[in-house]
Amino acid sequence: MDQKMDVEKTPERKAFEDHKRNKNWKVPLKYQIKPSAEKGFEIENCMDGFKMNPEEGYQKDSDYYFDSYSHFNIHEEMLKDRARTLGYMNAIKKNPELFKGKIVLDIGCGTGVLSIFAAQAGAKHVYGVEFAGIANHAKRIVKDNGYQEQVTIIRGKIEEITLPVDKVDIIISEWMGYFLLYESMLDCVLFARDKWLAEDGIMMPDRSVLYLSGIEDSQYKNDKINFWDDVYGISMKSIKQWALFEPIVDVVEGRQINTDACAILDIDLKTVTLKDLEFTAEYKLTANRNDKIHGFVAWFDVFFSKGSIPFRISTSPLTQETHWKQTVFYLKEVLSIQEGEELNGSVAVKKSKENPRELDIKISCHFQNDYQDVNDVQFYKLL
């Protein structure tokens, strides 16, 4: 009988096991994430040679973003996401000492729900900024709920508006996209932080961490990728490469995860710069059972740690489902891995040159055992 390998428990693995046991969580210490030293993963030229031909692969118009947030259905989906909305509500209302008598800026305020939470927590005044048409409804919602003297909704782009104050004490924003950084809303938040946040001001959330794990996903990969091999007797294999290029945003069940988790990005919202949002990182994953690995899954946590009661919103497959779901990157070659075996590689993430709201992602995978010797690099585009 084979003995189980003695796997060293990294901070990432311990955090992952805490998820599985549903233990009381604590804000983790800062992860020591190494930029990739792998050839071809230099941040300046890591995407050289990767370009999606818009005549072959689908691309979105760069102007779609604000228009999409003018429709009610997207706000309904976000408000009904209890992990998201209650996470913000609790982080704000259960820490009233942070808000009492303070000036608050809510960026991308949508319906104004976070602005109203801040007012309920005791803020002196809240300025909610929203460029999409939903801003007009937010003004009515604020008035209907009796907060018009305490909350001001401003319609406009954060880079173009004028605030009636020089500084704010708190910036709140629900800026996270798929894979944490998709749609680049964090850029707007950092612009506002640098222009208006007081020196001792607070960002909410104040920290975010992006994780990577391996998954078994044979059925879904067959449905989404191998489907193109034979479509009613017709070969559509030419589409298959484009299907692999596009990560899948969907709900991953916790039982599908078959490795530990590795943090690939850990940002402090008070100090992070735009430059930091394009990054490379090394990863190492250890299998927690004998299984097949069909791809990687990425998810993120955000933390509200400045109040007397810290809060976290997690999009892990092992926690409550959110509208962010998870992001899956399929591998070309399936890995047959044994418990305790390791795979490693690098991740590079940059904004697309064609549309900065999209992300170009590059992942290498190195794995060797008695059955396989895999050294592969794949490009992906999150659009």
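Reader: In which helix is Arg-84 found?

Author: This is a predicted model, in which local features need pLDDT of at least 70, side-chain atom pairs count only at pLDDT 80 or more, and totals for chains, interfaces and linings use all residues. Residues are numbered from 1 along each chain as its sequence is written, and side-chain values use heavy atoms, with hydrogens and water left out. Helices (H or I, at least four residues) and strands (E, at least two) are DSSP runs, numbered from the N terminus. Arg-84 is found in helix H4, residues 82-93.

Reader: Is Arg-84 buried or exposed?

Author: Buried means under 20% relative accessible area, exposed over 50%, and partly exposed in between (1.4 Å probe, protein chains only). Arg-84 counts as buried because its relative accessibility is 7%. The buried residues of H4 also include Tyr-88 and Ile-92.

Reader: Which residues does Arg-84 touch, not counting residues up to four places away in sequence?

Author: Contact means heavy atoms within 4.5 Å. By that criterion, Arg-84 touches Met-78, Leu-79, Glu-174, Ile-313, His-323 and Trp-324.

Reader: What span does H4 reach from its first C-alpha to its last?

Author: The expected span of a helix is 1.5 Å times one less than its number of residues. H4, with 12 residues, reaches 15 Å, close to the 16 Å expected.

Reader: In what sense do strand S13 and strand S14 pair?

Author: Two strands pair if DSSP finds at least two bridges between them. Strand S13 (residues 342-351) and strand S14 (residues 359-368) pair in the antiparallel sense, over 6 bridges. Ala-348 stands opposite Lys-362 in S14.
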